[in-house]
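Here are some notes for a colleague who is meeting this structure for the first time. Please keep the view open while reading the points below.

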Amino acid sequence: LMKSQFNKELSNFINNASLVIPISPGIKIGLKFLNRKLEKVYNYFNFIINLLITFTDKKEFIYILGGNKSIIEKAERNIRDSFPGIRLVGRFNIDYKKDFEKDLITAIQKASPSLILIGKKSPSQEKWIWKKEHNFKKGVFLGVKDFFEIVGGKKKSPTDEMVQSGFHRLINLPKNPFIFFRIFYYILYVFL
């Protein structure tokens, strides 16, 4: 949300998205300040798991794109083990070369998935969806950020309590101390 204040492309993506899922308690606080109500903040990990269950039950095709090669392969194995009957029609790591992108899009088009999960850093995943979704006739595109790292065992999934409190972002503080500097975003958010 804060990055979209300074990036027209990202702002357009958010404003034109069919669904924006609030995953930060800061959004709830901001809406309360504006006298609007938000029932809950979603644990994005649980939301994606429920989405996978739904698409598996409906026997819809799913494509996953994200992480490095070893993470996406491990995530695929773990997803297949966790969701018997899932129709995972393809996967690819996000570290591909730019000249390969046309072939990747063609491969995804041929797979004709109903759900495409893209795990890149924000706002890269949102920009990728914004630029590429016109290449597809159908499908739900969802930016899932570090979902594949969680499913691949590299990161821990946040609990509902952590998500509601907003402290789930601090899980990665020891590995990435620069997360602390996000405080400036929060100060600017309060100001705006």
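In which helix is the place of K132?

1. K132 is placed in helix α6, which covers residues 124–132; helices (H or I, at least four residues) and strands (E, at least two) are DSSP runs numbered from the N terminus. This is a predicted model, in which local features need pLDDT of at least 70 and side-chain atom pairs count only at pLDDT 80 or more, while totals for chains, interfaces and linings use all residues. Residues are numbered from 1 along each chain as its sequence is written, and side-chain values use heavy atoms, with hydrogens and water left out.

2. K132 counts as buried because its relative accessibility is 13%, where buried means under 20% relative accessible area, exposed over 50% and partly exposed in between (1.4 Å probe, protein chains only). Leaving aside neighbours within four places in sequence, K132 is in contact (heavy atoms within 4.5 Å) with E101 and I105.

3. E101 belongs to helix α5, residues 101–111, and with a relative accessibility of 8% E101 also counts as buried. The side chains of E101 and K132 are joined by a polar contact of 2.9 Å; such a contact is a pair of N or O atoms within 3.5 Å, where within protein one must be able to donate a hydrogen and the other to accept it, and residues adjacent in sequence count only if both atoms are side-chain atoms. Apart from neighbours within four places in sequence, E101 is in contact with Y96, W128 and K132.

4. K3 lies in the segment that comes before α1 (8–16) and is partly exposed, at a relative accessible area of 35%. Not counting residues up to four places away in sequence, K3 touches L10, S122, P123 and Y185. Although K3 and Y185 are 182 residues apart along the chain, their C-alpha atoms are separated by 8.8 Å.

5. Turning to the whole chain, its secondary structure comes to nine helices and four strands, and from the N terminus on the elements run α-α-α-β-α-β-α-β-α-β-α-α-α. The radius of gyration is 17 Å, close to the 16 Å that the globule rule gives for 192 residues, so the chain is as compact as a globular protein of that length; the radius is taken over C-alpha atoms, and the rule is 2.2 Å times the number of residues to the power 0.38.

6. Buried residues make up 38% of the 192 residues in the chain. Among contacts between residues at least 6 apart in sequence, 71% join residues at least 24 apart.
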